[in-house]
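Please read the following note alongside the sequence and the coordinates.

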Amino acid sequence: MPKRIVPLISLQVTNAKPRDKEYKLSDGGGLYLLITPSGGKLWRMKYRFGGKEKLLSFGPFPQKTLADARQEKEQAKKFGDLLSKYVQ
């Protein structure tokens with residue numbers, strides 16, 4: 001059974017502070033915010049294709065908001081579903 005992940009709220013994203021090492025704030029469905037030690041906040045999505053783990057980047061926060069990142073995640077999943085029908 002998959003682990004239940006509580007979705008992020010925009011306040012958590014805004015208030016995320018850098019640490020000594022990179023860390024992730026997960027939003028579920030493979031989407032997460034990577035916070036770098038230099039203070040960068042980058043939207044990324046983990047997914048599997050052809051049995052291999054892949055990584056998709058959506059851009060930095062605040063240029064891409066939480067809502068934008070979620071919308072792009074849904075578009076990527078739809079594209080991946082469509083692509084998987086034709087590529088084996």
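1. The model is a predicted one, in which local features need pLDDT of at least 70 and side-chain atom pairs count only at pLDDT 80 or more, while totals for chains, interfaces and linings use all residues. Residues are numbered from 1 along each chain as its sequence is written, and side-chain values use heavy atoms, with hydrogens and water left out.

2. The chain contains two helices and four strands, arranged along the sequence as α-β-β-β-β-α; helices (H or I, at least four residues) and strands (E, at least two) are DSSP runs, numbered from the N terminus. Along its principal axes, the C-alpha trace spans about 40 × 25 × 25 Å. Of the 88 residues, 25% are buried, where buried means under 20% relative accessible area, exposed over 50%, and partly exposed in between (1.4 Å probe, protein chains only).

3. On charge, the chain carries 18 positive and 8 negative side chains, and the centres of the two sets lie 3 Å apart. In this count Lys and Arg are positive and Asp and Glu negative, with His and the chain ends not counted, and each charge is placed at NZ of Lys, CZ of Arg, CG of Asp or CD of Glu.

4. The four strands form an open sheet in the order β1-β2-β3-β4, with antiparallel pairing; two strands pair if DSSP finds at least two bridges between them. At its edges are β1 (23–28) and β4 (52–60), each of which pairs on one side only, and the twist from one strand to the next averages 30°.

5. Strands β1 and β2 run antiparallel and are joined by five bridges, with Gly28 standing opposite Leu31 in β2. Two residues lie between the strands of this hairpin, and Gly29 takes a positive phi near 65°.

6. Why is β2 described as largely enclosed by the rest of the structure? The description holds because five of the five residues of β2 are buried. In a regular strand the side chains alternate between the two faces of the sheet. In β2, Leu31, Leu33 and Ile35 point one way and Tyr32 and Leu34 the other way, and all are buried.

7. Helix α2 (residues 66–86) lies across β1, β2, β3 and β4, and runs at about 20° to β3; axes are lines fitted to C-alpha atoms, for helices over the stretch in contact, and angles run from 0 to 180 degrees between N-to-C directions. Contact means heavy atoms within 4.5 Å. Arg70 is found in α2 and is partly exposed, with a relative accessible area of 29%. Not counting residues up to four places away in sequence, Arg70 touches Pro7, Leu8, Asp27 and Leu31.

8. Ile5 lies in the segment before α1 (10–15) and is partly exposed, at a relative accessible area of 30%. Its contacts, leaving aside residues up to four places away in sequence, are Ser26, Asp27 and Gly28. The C-alpha atoms of Ile5 and Gly28 are separated by 5.6 Å, although these residues are 23 apart along the chain.

9. The peptide bond from Phe61 to Pro62 is cis, with omega near 15°, and Pro62 is found in the loop between β4 and α2.
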